[in-house]
Amino acid sequence: MSVALLWVVSPNSEFSNGTGFLDSVREGNRVPGRDRNSMWKERIKKGGRQRWNFGSLNADLRYSGLGGSRTGNGSSFAVQSSLVASPAGEMAVSSEKKVYDVVLKQAALVKRHLRSTDDLEVKPDIVLPGNLGLLSEAYDRCGEVCADLYKFGQALCIVNYGISGTVGAFKRTDELVDGPNASHITPQALDRWEARLEDIFSGRPFDMLDAALSDTVSRFPVDIQPFRDMVEGMRMDLWKSRYMNFDELYLYCYYVAGTVGLMSVPIMGIAPESKATTESVYNAALALGIANQLTNILRDVGEDARRGRIYLPQDELAQAGLSGEDIFAGRVTDKWRIFMKKQIQRARKFFDQAEKGVAELSSASRWPVLASLLLYRKILDEIEANDYNNFTRRAYVSKPKKLLTLPIAYARSLVPPKLTSSSLTKT
Ligand SMILES: CC(C)=CCC/C(C)=C/CC/C(C)=C/CC/C(C)=C/COP(=O)(O)OP(=O)(O)O
């Protein structure tokens with residue numbers, strides 16, 4: 001199935017053949033903008049082009065959760081205000097507001113791109129080797145990185161070469177702090193990675209994987225901020241092992257996962273027939289990243305505790321009559337079950353918000369995104385089925401359940417946006 005999907009939606013390899021890519025990167029050969037442009041136009045003719053809907057620049061407050069009820073009626077969590085009190089009593093801008101500013105920035109970039117791309121505009125020339133053929137190898141290498149990825153990322157990479165470039169970069173950043181070399185990662189290494197990102201965005205890739213990302217960001221309206229923020233999340237993981245409240249946790253989830261949503265949508269594209277505002281679709285993408293990360297955290301409580309980490313809001317633990325000691329002891333008590341029910345409820349609300357946005361995506365992206373959403377959300381059901389023992393049992397979705405989800409997601413992904421859009425629609 002993956003192979004079929006890959007064949008259907010990824011652009012053909014116009015960049016095929018040729019040698020000396022890395023050498024040329026080192027030598028700093030420059031690809032003439034016009035050549036790259038025409039190469040890309042060819043690609044687009046073959047079906048790579050996404051159309052973008054033109055939403056209002058005003059935030060869709062009904063949907064964003066800012067100034068409105070994100071969590072809906074009956075939620076056990078208060079709607080966050082855009083101002084929160086710091087421990088010192090000063091009022092600070094909430095994480096949600098900070099993140100929403102990035103959403104607005106990304107959405108504005110998409111709109112600018114739309115205005116300027118009747119004839120495709122080329123961003124800064126990428127310092128690439130003379131031989132264009134090897135760009136396809138760079139993308140293929142990214143595809144290999146993605147093959148080693150959690151299923152969600154794989155599905156996304158299958159949708160689009162460009163996603164391979166971005167998700168490939170994500171995976172490398174993630175591995176810096178999560179992978180086998182994690183203990184060697186220093187803040188300086190992350191600073192260097194961030195500097196490298198700046199180079200990638202200015203068209204000066206360092207290696208082959210960078211080159212694919214440079215190419216991707218020169219083609220699609222992708223803002224650098226989510227990439228920088230992801231590195232910030234990795235920095236945070238180096239020093240922070242407790243989260244005082246949901247505001248802090250929300251920011252962490254945005255850094256390490258919401259950013260991926262914001263990076264992906266400019267490449268996947270919004271369906272041409274979508275009536276949703278651009279901001280609302282980006283908000284849904286952000287919500288999916290947050291929902292996935294919250295689910296990840298709820299699934300891995302025991303595993304994280306064994307690494308000395310607690311990614312659960314400390315104030316909510318205290319309200320439930322629980323402490324860090326209870327987590328390290330790993331006892332499933334009634335207090336724990338009540339606490340977990342609320343956390344699961346919150347994660348589901350983010351999934352629900354994300355689900356509305358999936359319908360607005362380009363047709364090729366809807367199936368993999370929806371399938372991954374439904375599958376990841378099922379992890380929450382499995383935590384329940386395990387009677388909330390996420391200390392010693394890892395919740396997972398069985399193969400038959402996974403297989404059953406695919407045709408369901410496929411059928412639903414065929415429904416065009418205009419039949420399903422509601423709260424995301426422009427007014
Ligand atoms: C909904 C709309 C409009 C668009 C979709 C936008 C997208 C693609 C959002 C997805 C963002 C995403 C994939 C975030 C990553 C989240 C995450 C928790 C990854 C888990 O990584 P690992 O830790 O490797 O996972 P496992 O431990 O499960 O293998």
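1. Is Leu 374 buried or exposed in this predicted model? Leu 374 is buried, because 21 other C-beta atoms lie within 10 Å of its own, where 20 or more are required. The residue belongs to helix α18, and, once residues up to four places away in sequence are set aside, Leu 374 touches Thr 405 and Ala 409.

2. Before the details, a word on confidence. The model is predicted, with a mean pLDDT of 76 for the chain, and 64% of the residues reach 70 or more. Over residues 1-81 the pLDDT stays under 50, and for this stretch the model has 133 contacts beyond four places in sequence. For the complex, the predictor gives an ipTM of 0.95 together with a pTM of 0.76.

3. As to the overall make-up, the chain has 20 helices and 4 strands, and 45% of its 427 residues count as buried.

4. Helix α18, which spans residues 363-385, packs against helix α13, residues 278-299, with the axes 10 Å apart and at an angle of about 30 degrees. Since angles under 35 degrees are classed in this way, α13 and α18 are roughly parallel to each other, and α13 passes α18 in a left-handed crossing. On the α13 side the contact involves Leu 288, Asn 292, Thr 295, Leu 298 and Arg 299, which meet Leu 373, Tyr 376, Ile 379, Leu 380 and Ile 383 of α18. Sorted by class, this contact of α13 with α18 has 7 nonpolar, 2 polar and 1 charged residues.

5. Leu 288 deserves a paragraph of its own. Placed in helix α13, Leu 288 is buried, because 29 other C-beta atoms lie within 10 Å. Apart from its neighbours within four places in sequence, Leu 288 is in contact with Gly 261, Ala 354 and Leu 373. The C-alpha atoms of Leu 288 and Ala 347 are 9.5 Å apart in space, whereas the two residues are 59 apart in sequence.

6. Helix α13 also meets helix α12, residues 246-268, and here the axes come within 7 Å and cross at roughly 130 degrees. That angle makes α12 oblique to α13, and the crossing of the two is right-handed. Among the residues of α12 that make the contact are Tyr 250, Cys 253, Tyr 254, Gly 258 and Gly 261, while those of α13 include Val 281, Tyr 282, Ala 285, Leu 288 and Asn 292. By class, the contact of α12 with α13 has 15 nonpolar and 7 polar residues, and no charged ones.

7. How are helices α9 and α11 oriented towards each other? The axes of α9 (residues 187-201) and α11 (residues 225-239) come within 10 Å and cross at roughly 175 degrees, and, because angles over 145 degrees are so classed, the two helices are roughly antiparallel to each other. The contact is made by Pro 187, Leu 190, Trp 193, Glu 194 and Leu 197 of α9, together with Phe 227, Arg 228, Val 231, Met 234, Arg 235 and Leu 238 of α11. The residues of this contact divide into 8 nonpolar, no polar and 3 charged.

8. Two backbone angles are worth a look during review. Most residues other than glycine have a negative phi. Asp 387, however, which is not a glycine, has a positive phi of about 55 degrees, and Tyr 388, likewise not a glycine, has a positive phi of about 65 degrees. Asp 387 is found in the loop between α18 and α19 (399-413), and Tyr 388 is found in the loop between α18 and α19 as well.

Terms used. Residues are numbered from 1 along each chain as its sequence is written. This is a predicted model: local features need pLDDT of at least 70, side-chain atom pairs count only at pLDDT 80 or more; totals for chains, interfaces and linings use all residues. Axes are lines fitted to C-alpha atoms, for helices over the stretch in contact, and angles run from 0 to 180 degrees between N-to-C directions. Angles under 35 degrees count as roughly parallel, over 145 as roughly antiparallel, 65 to 115 as roughly perpendicular and the rest as oblique. A crossing is left-handed if the near helix is turned anticlockwise from the far one by less than a right angle, and right-handed if clockwise. Two residues are in contact if their C-beta atoms, placed from the backbone, lie within 7 Å. Ala, Val, Leu, Ile, Met, Phe, Trp, Tyr, Cys and Pro count as nonpolar, Asp, Glu, Lys and Arg as charged, and the others, Gly among them, as polar. pLDDT is the predictor's confidence in each residue, from 0 to 100. A residue is buried if 20 or more other C-beta atoms lie within 10 Å of its own, exposed if 12 or fewer, and partly exposed in between; C-beta atoms are placed from the backbone.
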